[in-house]
Amino acid sequence: MRLLTLLLLFVSCGLTLHAADKAATPDALVAELYKSEKKKASPFFQDKNRALVDHYFTKELGDLLWKDTIDSKGEVGALDGDPLYDAQDMEIKNFLIHPAKTEEGKATILVTFVNFEEKKRITFQCVQQGGAWKISDIQYADYALLKLLKDSVVK
(Lines give C-alpha, C1' and ligand atoms only; values in the text may rest on other atoms or scores of the structure.)
Protein backbone atom coordinates (compact mmCIF):
# COMPACT_ATOMS: atom_id res chain seq x y z
CA MET A 1 0.00 0.00 0.00
CA ARG A 2 2.82 2.38 0.89
CA LEU A 3 4.49 1.65 -2.44
CA LEU A 4 1.26 2.46 -4.28
CA THR A 5 0.93 5.73 -2.37
CA LEU A 6 4.49 6.72 -3.21
CA LEU A 7 3.96 5.81 -6.85
CA LEU A 8 0.79 7.94 -7.05
CA LEU A 9 2.57 10.83 -5.35
CA PHE A 10 5.47 10.57 -7.81
CA VAL A 11 3.14 10.52 -10.84
CA SER A 12 1.13 13.41 -9.44
CA CYS A 13 4.27 15.52 -8.93
CA GLY A 14 5.44 14.70 -12.45
CA LEU A 15 2.14 15.82 -13.94
CA THR A 16 2.22 19.01 -11.88
CA LEU A 17 5.74 19.81 -13.03
CA HIS A 18 4.81 19.10 -16.64
CA ALA A 19 1.80 21.42 -16.37
CA ALA A 20 4.02 24.13 -14.86
CA ASP A 21 6.11 24.06 -18.05
CA LYS A 22 3.21 25.74 -19.81
CA ALA A 23 2.18 29.13 -18.49
CA ALA A 24 -1.42 28.83 -17.38
CA THR A 25 -2.33 32.34 -18.46
CA PRO A 26 -0.96 34.71 -21.10
CA ASP A 27 0.05 37.30 -18.51
CA ALA A 28 1.92 34.55 -16.63
CA LEU A 29 3.81 33.80 -19.85
CA VAL A 30 4.78 37.45 -20.24
CA ALA A 31 5.86 37.59 -16.58
CA GLU A 32 7.93 34.45 -17.11
CA LEU A 33 9.59 36.07 -20.14
CA TYR A 34 10.62 39.13 -18.11
CA LYS A 35 11.89 36.89 -15.30
CA SER A 36 13.95 34.87 -17.80
CA GLU A 37 15.80 38.02 -18.78
CA LYS A 38 16.67 38.81 -15.17
CA LYS A 39 18.01 35.26 -14.82
CA LYS A 40 20.12 35.73 -17.97
CA ALA A 41 18.05 32.99 -19.68
CA SER A 42 16.23 35.15 -22.20
CA PRO A 43 15.24 33.65 -25.55
CA PHE A 44 16.37 36.83 -27.31
CA PHE A 45 19.83 37.13 -28.93
CA GLN A 46 20.87 33.56 -28.14
CA ASP A 47 21.61 30.92 -30.77
CA LYS A 48 22.08 27.83 -28.60
CA ASN A 49 18.54 26.81 -27.65
CA ARG A 50 15.76 26.99 -30.24
CA ALA A 51 13.38 25.27 -27.78
CA LEU A 52 13.70 28.31 -25.51
CA VAL A 53 12.46 30.54 -28.34
CA ASP A 54 9.64 28.11 -29.14
CA HIS A 55 8.54 28.06 -25.51
CA TYR A 56 7.55 31.73 -25.63
CA PHE A 57 6.73 32.52 -29.26
CA THR A 58 4.51 31.30 -32.07
CA LYS A 59 6.30 29.51 -34.88
CA GLU A 60 6.09 32.56 -37.15
CA LEU A 61 7.59 34.99 -34.64
CA GLY A 62 10.02 32.42 -33.29
CA ASP A 63 11.33 31.64 -36.78
CA LEU A 64 11.95 35.33 -37.46
CA LEU A 65 13.66 35.93 -34.10
CA TRP A 66 15.84 32.85 -34.56
CA LYS A 67 16.78 33.81 -38.14
CA ASP A 68 17.66 37.36 -37.07
CA THR A 69 19.92 36.03 -34.32
CA ILE A 70 21.62 33.44 -36.53
CA ASP A 71 22.07 35.82 -39.49
CA SER A 72 23.45 38.57 -37.22
CA LYS A 73 26.36 36.35 -36.09
CA GLY A 74 26.75 38.18 -32.79
CA GLU A 75 26.35 41.63 -34.31
CA VAL A 76 23.32 43.94 -34.18
CA GLY A 77 20.48 42.61 -36.30
CA ALA A 78 16.97 43.92 -36.79
CA LEU A 79 16.69 44.24 -33.01
CA ASP A 80 19.03 46.98 -31.86
CA GLY A 81 17.76 47.17 -28.29
CA ASP A 82 16.10 45.09 -25.65
CA PRO A 83 12.68 44.08 -27.03
CA LEU A 84 11.21 43.78 -23.54
CA TYR A 85 11.89 47.44 -22.77
CA ASP A 86 12.22 48.93 -26.27
CA ALA A 87 15.51 50.49 -25.22
CA GLN A 88 19.25 50.03 -25.25
CA ASP A 89 19.75 51.40 -21.75
CA MET A 90 17.39 50.84 -18.87
CA GLU A 91 16.54 52.43 -15.56
CA ILE A 92 13.15 50.82 -15.00
CA LYS A 93 10.64 52.06 -12.41
CA ASN A 94 6.93 51.42 -11.81
CA PHE A 95 6.97 48.17 -13.80
CA LEU A 96 3.55 46.54 -14.11
CA ILE A 97 2.17 43.65 -16.12
CA HIS A 98 -1.55 44.31 -16.42
CA PRO A 99 -4.07 41.45 -16.37
CA ALA A 100 -4.63 39.88 -19.77
CA LYS A 101 -7.69 40.66 -21.81
CA THR A 102 -8.66 37.35 -23.41
CA GLU A 103 -11.21 36.41 -26.02
CA GLU A 104 -11.55 33.21 -28.05
CA GLY A 105 -7.97 31.93 -27.76
CA LYS A 106 -6.37 35.35 -28.14
CA ALA A 107 -5.06 37.71 -25.49
CA THR A 108 -3.65 41.19 -25.13
CA ILE A 109 -1.31 41.99 -22.24
CA LEU A 110 -0.24 45.54 -21.52
CA VAL A 111 3.09 46.17 -19.79
CA THR A 112 3.79 49.65 -18.46
CA PHE A 113 6.85 51.17 -16.82
CA VAL A 114 8.99 54.28 -16.69
CA ASN A 115 12.46 54.20 -18.26
CA PHE A 116 14.67 57.22 -17.57
CA GLU A 117 11.56 59.26 -16.72
CA GLU A 118 9.84 58.29 -20.01
CA LYS A 119 6.54 56.41 -19.69
CA LYS A 120 6.48 53.27 -21.82
CA ARG A 121 3.66 50.97 -22.95
CA ILE A 122 4.37 47.64 -24.58
CA THR A 123 1.55 45.40 -25.73
CA PHE A 124 1.96 41.66 -26.09
CA GLN A 125 -0.37 39.76 -28.40
CA CYS A 126 -0.76 36.10 -27.48
CA VAL A 127 -2.58 33.15 -28.98
CA GLN A 128 -3.36 29.73 -27.61
CA GLN A 129 -1.65 26.91 -29.48
CA GLY A 130 -1.61 23.28 -28.47
CA GLY A 131 -2.91 24.09 -24.99
CA ALA A 132 -0.21 26.69 -24.36
CA TRP A 133 -0.11 30.45 -24.68
CA LYS A 134 2.43 31.83 -27.16
CA ILE A 135 3.43 35.41 -27.95
CA SER A 136 2.50 36.22 -31.55
CA ASP A 137 3.61 39.87 -31.62
CA ILE A 138 4.92 42.68 -29.45
CA GLN A 139 3.69 46.20 -30.20
CA TYR A 140 5.55 49.35 -29.26
CA ALA A 141 4.59 53.02 -29.56
CA ASP A 142 5.52 53.32 -33.22
CA TYR A 143 6.13 49.80 -34.57
CA ALA A 144 5.36 46.11 -34.13
CA LEU A 145 8.05 43.47 -33.69
CA LEU A 146 6.53 41.02 -36.19
CA LYS A 147 6.43 43.61 -38.99
CA LEU A 148 9.93 44.87 -38.16
CA LEU A 149 11.32 41.36 -38.40
CA LYS A 150 9.37 40.51 -41.55
CA ASP A 151 10.65 43.68 -43.22
CA SER A 152 14.24 43.16 -42.04
CA VAL A 153 14.76 39.41 -41.95
CA VAL A 154 12.65 38.15 -44.83
CA LYS A 155 14.24 39.38 -48.05
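Mentor: Start with Ile 135. Setting aside residues up to four places away in sequence, Ile 135 touches Leu 29, Leu 33, Tyr 56, Phe 57, Thr 58, Leu 61, Phe 124, Gln 125 and Cys 126. Keep in mind that this is a predicted model.

Trainee: Which residues have the most contacts inside the largest nonpolar core?
Mentor: Phe 57, Phe 124, Ile 135, Ile 138 and Leu 149. That core has 33 residues.

Trainee: And which elements each supply at least two residues of this core?
Mentor: Helices α2 (26-38), α3 (50-56), α4 (59-72) and α5 (145-153) do. So do strands β3 (106-115), β4 (118-129) and β5 (132-139).

Trainee: Switching to pockets. How much space lies in the largest pocket?
Mentor: About 180 Å³.

Trainee: What lines the largest pocket?
Mentor: Phe 45, Asp 47, Asp 68, Thr 69, Ser 72, Gly 74, Glu 75, Val 76, Gly 77 and Leu 79. The lining divides into three nonpolar, four polar and three charged residues.

Trainee: Where does Leu 79 lie?
Mentor: In the loop between α4 and β1 (92-97).

Trainee: Is Leu 79 buried or exposed?
Mentor: Buried. Its relative accessible area is 10%, so it falls under the 20% cut-off.

Trainee: What does Leu 79 touch, not counting residues up to four places away in sequence?
Mentor: Phe 44, Phe 45, Leu 65, Asp 68, Leu 145, Leu 148 and Leu 149. Phe 45 and Asp 68 also line the largest pocket.

Trainee: What C-alpha distance separates Leu 79 and Ser 152?
Mentor: 9.4 Å, with the two residues 73 apart along the chain.

Technical notes: Residues numbered from 1 in each chain as written. Predicted model: local features only at pLDDT ≥ 70, side-chain atom pairs only at ≥ 80, totals over all residues. Heavy atoms only, no water. 1 Å grid on protein atoms, 1.4 Å probe; cavity = no way out; pocket = protein on both sides within 12 Å on 5 of 7 lines; lining within 4 Å. Points joined across faces, edges and corners; volume = space filled by probe spheres on them. Nonpolar A, V, L, I, M, F, W, Y, C, P; charged D, E, K, R; others polar. Core = buried A, V, L, I, M, F, W, Y, C linked by side-chain atoms within 4.5 Å. Buried < 20%, exposed > 50% of the residue type's maximum accessible area, 1.4 Å probe, protein only. Helix = DSSP H or I, 4+ residues; strand = E, 2+ residues; numbered from the N terminus. Contact = heavy atoms within 4.5 Å.
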